[in-house]
Amino acid sequence: MYLPGVIGLLCLVLHHAKANVIMSPEPCNGGYCVPKHLCPTGSVEGGTISGQNDLITLQVDEESECGDFMKICCDGSSVTTAANDAAPKADDTCGISNPAGLVYNLESNLTYAKYAEFPWTVAIFRISFSSKDIVLTHVGGGTLIHPKFVVTAAHILKKPHRYSARFGEWNIKSDAEIYAAQEIGIEENILHPSFRDLCTPENNIALAVLKRSVLYTAHIRPLCLPTPQDVFEGQRCIATGWGKDVRTQLPAPIMKRIELDVVPRASCQTSYQIADSDSSFRLHRSELCAGAADLQDTCDKDGGTPMACPKEDGSYVLAGITSWGLDCGKPDAPGVYVDVAKFACWINDTIEGYEELHAEE
């Protein structure tokens, strides 16, 4: 039912720089650099940090003496030295997004996902050690589907490396979000038994078993799985992640929001035959294709991240997992994604079998 691979060497609970406890704010001109939500009176110049509907305004392209657009130089008498606010708890209903985002009004020359807009998107990090410190290197992403399980691309979780999953992430370069992320080590990698790590991987899907359960909150929620009968051709869907941004050619600091059109298999296969000058190319039955709709695309380090498609009731379902492509942002070669509907039974059966095996624990 699943492949054993327990990683038992890392027993401590992981913590990182995004613990968001402001112990010693850095001094700045007339005050201290703190997250904007900890400075209720505004900056030392008296400017406001609120925008529409009393949300906290974040200007991504703003130059800040604090080196982080999510922080502000705040009058010392106004600084609140405290941990991040606790995020409101949420139930386990899957596929519920936050279309307007939470807390922040984001202003940017580029389009990004709003804060907590897609609460199922997971950042995956490889764990290494340097001078007795834990080093986390971003390698890809995944999708939260269960308190103990993340679904991702099998090629992301390579042995003998150890990995952790971060939930509630948004600005990967900042520790100033109002709600803290949850960092949980990955205990076991369950690769699909038919996964083949080729130049174009086949059955490229895996389940990451977490060391402890995720706590669902307003900014951390699961995504629904499709049924085996679901077909997504012709639909407009949304991919998310922190891989290379084809608009800047740099890793995305803020979660990307990429609109994609799911294209027919036949036209996708023809596109690759032409683009790669290989008339023998055949798209594997485990895959589907989607082309970027608005000068964006999934790219390097987006592997394993979700492509979510909307349902009639406004909720979302996991249609695809970012797998591979010929060239990021190339309009005549759609990206290739794992067709999750074809693995819905395997996912559900694997989780059920794992839970039965570990019921006594």
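**View 1. Strands β15 and β16 pair in this predicted model.** The two strands run antiparallel, joined by four bridges. Strand β15 covers residues 256-263.

**View 2. Strand β16 also pairs with strand β19.** Again the strands are antiparallel, and four bridges link them. L288 has Y337 of β19 as its bridge partner. Strand β19 spans residues 335-339. Strand β16, residues 287-292, is largely enclosed by the rest of the structure, because five of its six residues are buried.

**View 3. R257 sits in strand β15.** Its relative accessibility is 19%, so R257 counts as buried; the cut-off is under 20%. The R257 side chain makes a polar contact of 3.2 Å with the side chain of E117. Leaving aside residues up to four places away in sequence, R257 touches Y112, A113, E117, F118, I238, A239 and Q296.

**View 4. The largest nonpolar core holds 67 residues.** F167, L207 and I347 have the most contacts inside it. Strand β11, residues 206-210, gives this core its largest share, five residues. Apart from this core lies another, of 14 residues, including C224, I258, V317 and Y337.

**View 5. L207 and its contacts.**

Definitions and conventions
Residues numbered from 1 in each chain as written. Predicted model: local features only at pLDDT ≥ 70, side-chain atom pairs only at ≥ 80, totals over all residues. Heavy atoms only, no water. Buried < 20%, exposed > 50% of the residue type's maximum accessible area, 1.4 Å probe, protein only. Polar contact = N/O pair within 3.5 Å; in protein donor to acceptor, adjacent residues only side chain to side chain. Contact = heavy atoms within 4.5 Å. Pairing = 2+ DSSP bridges. Core = buried A, V, L, I, M, F, W, Y, C linked by side-chain atoms within 4.5 Å.
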